[in-house]
Amino acid sequence: MSLSEPEWFARLYDRHAADLHHYVLRRLGPSLADDVVSETFLIAFRLRARYDTARPQARPWLYGIAVNVMAKHRRSELRAYRALARTGVDPVAQSWSDAADTRVVAAAARSRLAAALRALSDRDRHVLLLIAWADFSYEEVATALDVPLGTVRSRLHRARRRMRAALGGVDPTFMTEDPEETSRG
Amino acid sequence: MAEPTDVATDLSVVRMLRADAPSADPARLVAGRRALMDAMAAETATGKVSAADTTARPPFRHRRCSQGSPATPRLVRRTLLAAVTAAAVTAGVFALRPGLPAVTRPGSTARPQTVATVLAAAALTAEQHAAQVPGPDQWVYVAGVACEATCSDRVTWYRGDGRQWAFSGPDHRVVVRDEDGPKKTPSRYTDDLPRTYRELSRLPSEPHALLEALARDPFFQDTSASMVRIGKNGLILGRGPVPPPALQVAAILGILEHVPAVPPRVGAALFRALAQTPNARLLGRPIKDAMGRPGVAVEFTTPGEPAARQYLIMDPRTHAYLGSRQDWPGSPASSAYARTATGIVSHPGRQATPTAHPH
């Protein structure tokens, strides 16, 4: 195997760029998604010699790099959660969604969810969102974040506990909008 | 997922947040791919990274990533692009297996490749490809890159009933257009996809019969094409109709480029027919398509005519259609096309998974 060929990276891009872009878009919004994806692949290319050839999939490796790239935009991500929690309006989703999102998750639940996501530690948030938004398995998360499997389980357990607490044990898909709730930060 | 899915769980609620985020614009992905190729090429050329270091190392520690240089070498990549592009052409023929990158160099194959073996492989691949027949309300999505004086993305959708088509405009907005209505002779194959599919389905599978049918049937001929005779001094001596076999070669390359939904049987027959045309030559080196992807190429020329050289470019591993290219000897003019993805989608604006490199 050779990792010295740009063509392999081009094919890696063909296979993973769309999904990675979608994941980053959900976390940071359209204005940053293009840049984060580009930088992720370029860094991966620079570090290709460090790629563990025994690993069967490149996806966790790429997302692990993306997590680091996204860390530079942590404040932007947290600002969006805070805005959603306080106003009920999601600045990240504004470019593609008007009221559509409210049909999926009621506004009050979204606000509480955003507040809970913002309150999570970065480590816990990465685990939760890789599983929920990128459909990663525990093993893939462990590979992407370079942590033991047990750590993934404990972080996810902690994150989910906070989510449940924020949602109050109520099925939020059937919650009606509550203006008072949307003002909670 | 190791976690069971239940609509009322906290995890499923998290999943629903921003779940309606759109897929990446294919044109932007294509542009991103091109920028990545440029940057990688420039970095390789400058030796910024140790490209030769392919030794397996301990598992990658992702925390080191952020320590990498964030600088984007735009100037470097612009100045060195041409040189590295040339290097990419001679980079070799690749073979990939699922999940793992692998490289197979030319010459490692058991027997030498010929026009016949390469086009037979292309025919087999086309035959195994499922027919892309859209329903009346569905759309055929086609993404590609077309280069003439400059390169541009070509992203289009064709409605299954032939009544509408759409394209991605310069600002990445999807513009939907109505077709003018049924025409006796569509000016393009894609004017009426259902009809084109029906006409293609009627073509014979036997290569020689197919070539004859293509020569006779005006539906598949580019009536605007003409053969230009050029004297030694470069002046145009005259124009005339395109004679066989250039006529059929142009027709087949036109179908492969412009028709996104070809019956698999006919798709295979087109490649087998090309193998029967005289003066087809397998290039001994990879040739790039408009996306910069090196592929196996078959060159088609017309004896005694200083006309265009046409190239059919195929994936070096699967021999699937990648694109085509035309060069005019003695002229800097050149045109190229690369297809990056096709598929059936529910509405215009949606993209399908790239198909040019199925892994």
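Guide: Contact here means heavy atoms within 4.5 Å. The model under discussion is predicted.

Visitor: Which residues does A:Leu128 touch, leaving aside those up to four places away in sequence?

Guide: Within chain A, A:Leu128 touches A:Leu117, A:Leu120, A:Leu156, A:Ala159, A:Arg160 and A:Met163. It also touches B:Leu11 and B:Val14.

Visitor: And which residues touch the most other members of the largest nonpolar core?

Guide: A:Leu128 is one of them, together with A:Phe41 and A:Leu130, in a core of 76 residues. Helix H1 (residues 6-28) of chain A gives the most to this core, namely 11 residues.

Visitor: How many residues are in the second, separate core?

Guide: That core has 42 residues, including B:Val140, B:Ile255, B:Leu270 and B:Val296.

Visitor: Turning to helix packing, at what angle do H5 and H8 of chain B cross?

Guide: The axes of H5(B) (residues 193-202) and H8(B) cross at roughly 60 degrees and come within 9 Å. The two helices are therefore oblique, and the crossing is left-handed.

Visitor: Which residues meet there?

Guide: From H5(B), B:Tyr197, B:Leu200 and B:Ser201 meet B:Pro264, B:Arg265 and B:Val266 of H8(B).

Visitor: Where in chain B is confidence highest, and where lowest?

Guide: Helix H8 (residues 264-276) has the highest mean pLDDT in chain B, at 94, whereas helix H3 (residues 74-89) has the lowest, at 24. Chain B averages 69, with 62% of its residues scoring at least 70. Over residues 1-8 of chain B, pLDDT stays under 50, as it does over residues 355-359.

Visitor: What ipTM and pTM does the predictor give the complex?

Guide: The ipTM is 0.83 and the pTM is 0.47.

Definitions and conventions:
Residues are numbered from 1 along each chain as its sequence is written. Chains are lettered from A and ligands numbered from 1 in the order in which they are written. This is a predicted model: local features need pLDDT of at least 70, side-chain atom pairs count only at pLDDT 80 or more; totals for chains, interfaces and linings use all residues. Side-chain values use heavy atoms; hydrogens and water are left out. pLDDT is the predictor's confidence in each residue, from 0 to 100. Helices (H or I, at least four residues) and strands (E, at least two) are DSSP runs, numbered from the N terminus. A nonpolar core is a set of buried Ala, Val, Leu, Ile, Met, Phe, Trp, Tyr and Cys residues joined through side-chain atoms within 4.5 Å. Buried means under 20% relative accessible area, exposed over 50%, partly exposed in between (1.4 Å probe, protein chains only). Axes are lines fitted to C-alpha atoms, for helices over the stretch in contact, and angles run from 0 to 180 degrees between N-to-C directions. Angles under 35 degrees count as roughly parallel, over 145 as roughly antiparallel, 65 to 115 as roughly perpendicular and the rest as oblique. A crossing is left-handed if the near helix is turned anticlockwise from the far one by less than a right angle, and right-handed if clockwise.
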